[in-house]
Amino acid sequence: MIGTMRKHQQWLWALIIIATIVSFVWFFNPASRYGGGGGGGDVREGETGASIEGRAISMEEFRDAIREELIIYRLQHNDWVSEERLRQGGYPIDNRAYQRIALDVKAKELGIRPTRQAAARVAEQMLVMPGETLKPEQMKGFEDHVLAQGGMTPDDFTRVCLHQAAVQQLVALFGMSGSLITAKQAETFYVRENEPMVAEVAYFPLSNYMSQVSASPKELEGFFNTNASSYHLPERASVEYVLFATSNYLAAAEKEMNANTNLSKILDSEYLKRGANSFKDDNDKVLSADAAKAKIKDEIREQIAGRDARTNALAFCQELGQGRDDEHPFTADDLSRVAKAHGLKVVVTEPFDSRTGPKELNTTVAFRRAALSLTTNAPDDKSRSAMYTLSPVPIEDGFVVMGLKQHLGSQPQTFAQVQDKVMTDYKREKAFYMARNNGQSFYMNLMAGIAAGKSFDAICTSNKVTPVTLPAFSLTTATNLQRASELK
């Protein structure tokens, strides 16, 4: 569904960012990137603490770039997710936002000013299949049912399209003349980003200390009473839903594709546009042209099936809402009534919270957020429309339309109900402090030993600490310390 941007994003960023960004983005006060106090550097209110060729990046500029990156993530993964969630998962959203700003600066420096027409072409590349035209009603649906769901505006998406059009022009300029950077500079940046490094760490895992912790029933009850709020059951909901699975529409999608006399041309065009190296197997080996085109065909079939699933889900929503208004409010039987008329199955879930979702569905953040926002008693909702989702809700393999069965607020639990979890949490907390204290003690001995001219290995040996050798890594890779310790 997202067209050219998704297909080209990895090589596009690799080509442009590595070539241009490192040389002129400067974080002169990393501790104050978000405008906070942090020491060192002169960061004014409303600035991020980062600059591009001497010009400070404002918080507004940074937030706009973050919003654009969230939209790009949504287009790539078909799911909205918070920036905080991305940071926790190791997704470099801050860096990508700064890179986006830097690319925009470079484009303007070179006199690139994308028009609205260019942005419209990019939007078409993102939202419809090759050879199709983006219709006004499709754009309106994207704004109302996708952007709005993520708290985004049409202006946010317009910025994405304008910036993407500028980046495409940068790629063209870079490919034609190579004038943005010299070969020697490119080599320096590449080596800096990819030169392998090896390190040893003194590792103090909690698992080494858990068995040393014991607790009396009184201590456990005291721990529970101090942290009672942590053991409340979270807010939960039980919903009824009708599923429109993408897999149910694959056969029709296959038939539609085979009826398209231009299919071979579309596959050839996409293969050439994306390049042979974009198609690799699980062993990172480049696929043959025929295998690559078969993969493109599968992608198009999935896109068509997804479109049809959403179309049918939307038609169901429209029928669900027919004849309902303040004078004729929704009832608890409406979903079942419409489903029965079309021979569709209604499924009722067990209560679930915002983190787990129902076990039988591959849910998204959007699904869980929508489910927990359903209500039957909103004071200004005379039509009771808030008890149903009146637009299709995406999940990982299709769409659902759902209604609220039961809403359960946060509830306390007794010590007896959570005693095993309390024991685990108590042991983890005590093990954490033991590990931290041992780590701090080792650090003091390490500093003293280094000052005395001792080696890291010798200090570890004298302190009865076995160092962990990390797998080779570079600035462009991440090392999992836990995994490294398991491989030791």
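Leaving aside neighbours within four places in sequence, Phe142 is in contact (heavy atoms within 4.5 Å) with Leu75, Leu127, Leu147 and Phe157. This is a predicted model, in which local features need pLDDT of at least 70 and side-chain atom pairs count only at pLDDT 80 or more, while totals for chains, interfaces and linings use all residues. Residues are numbered from 1 along each chain as its sequence is written, and side-chain values use heavy atoms, with hydrogens and water left out.

**Nonpolar cores**

- A nonpolar core is a set of buried Ala, Val, Leu, Ile, Met, Phe, Trp, Tyr and Cys residues joined through side-chain atoms within 4.5 Å, where buried means under 20% relative accessible area and exposed over 50%, with partly exposed in between (1.4 Å probe, protein chains only).
- The largest nonpolar core has 35 residues, of which Ile71, Met126, Leu127, Phe142 and Phe157 touch the most other members.
- Helices here are DSSP runs (H or I, at least four residues), numbered from the N terminus, and helix 2 gives the most to this core, with 9 residues.
- A second, separate core of 29 residues includes Leu267, Ile304, Leu335 and Val401.

**Helix 12**

- In helix 12 (residues 263-274), the buried residues are Leu263, Ile266, Leu267, Glu270, Tyr271 and Arg274.
- These residues lie on the same side of helix 12, because they cover an arc of only 130° around the axis, taken from the directions from the helix axis to the C-beta atoms.
- On the other side of helix 12, Ser264, Lys265 and Leu272 are exposed.

Methods: Helix = DSSP H or I, 4+ residues; strand = E, 2+ residues; numbered from the N terminus.
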